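Please read the numbered points with the sequence and the model at hand.

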Amino acid sequence: MPTINPRVQVTLPPSLDLLVQRMAALQRVSKSQVLRELLEAAEPALQRAVALMDAAQKAAESVHAGLAQRLDQE
């Protein structure tokens with residue numbers, strides 16, 4: 001079925017695949033739906049992690065720029 005949502009292929013270790021498969025069977029849904037719902041539940045934490053990583057990267061770039069400027073002044 002065509003979809004406008006991006007698709008992602010993921011390789012799971014056998015133990016994790018078995019857990020997802022069992023959960024899907026118990027809920028009578030697809031493994032894809034189980035994984036999508038788990039990721040949706042984790043979305044707020046993922047957003048916070050990305051924001052922190054972005055801020056850390058910007059801070060590091062700022063420090064490097066400041067150091068370069070100080071060295072140029074000397």
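Which residues lie nearest the centre of the largest pocket?

1. Pro6, Val8, Ser32, Arg36 and Leu39 do, among the 14 residues that line the largest pocket. On a 1 Å grid over the protein atoms alone, a pocket is an open set of points where a 1.4 Å probe fits, with protein on both sides within 12 Å along at least five of seven lines, and lining residues have an atom within 4 Å of a point.

2. This is a predicted model, in which local features need pLDDT of at least 70 and side-chain atom pairs count only at pLDDT 80 or more, while totals for chains, interfaces and linings use all residues. Residues are numbered from 1 along each chain as its sequence is written, and side-chain values use heavy atoms, with hydrogens and water left out.

3. The space in the largest pocket is about 590 Å³, a volume being the space filled by probe spheres set on grid points joined across faces, edges and corners. Its lining has seven nonpolar, four polar and three charged residues. Here Ala, Val, Leu, Ile, Met, Phe, Trp, Tyr, Cys and Pro count as nonpolar, Asp, Glu, Lys and Arg as charged, and the others, Gly among them, as polar.

4. Helix α2 covers residues 31-73, and its axis comes within 8 Å of that of α1, with a crossing of roughly 100 degrees. Axes are lines fitted to C-alpha atoms, for helices over the stretch in contact, and angles run from 0 to 180 degrees between N-to-C directions. The two helices are therefore roughly perpendicular (65 to 115 degrees). From α1, Asp17, Val20, Gln21, Met23, Ala24 and Gln27 make the contact, and from α2, Lys31, Val34, Leu35 and Glu37; contact means heavy atoms within 4.5 Å. By class, this contact has five nonpolar, two polar and three charged residues. Helices are DSSP runs (H or I, at least four residues), numbered from the N terminus.

5. Leucine 19 belongs to helix α1, residues 14-27.

6. The loop between α1 and α2 includes arginine 28 and serine 30. Arginine 28 is not a glycine, yet has a positive phi of about 60 degrees; arginine 28 is exposed, at 77% relative accessibility. Serine 30 is partly exposed, at 38%.

7. Methionine 53, in helix α2, is exposed at 60% relative accessibility.

Notes
Angles under 35 degrees count as roughly parallel, over 145 as roughly antiparallel, 65 to 115 as roughly perpendicular and the rest as oblique. Buried means under 20% relative accessible area, exposed over 50%, partly exposed in between (1.4 Å probe, protein chains only).
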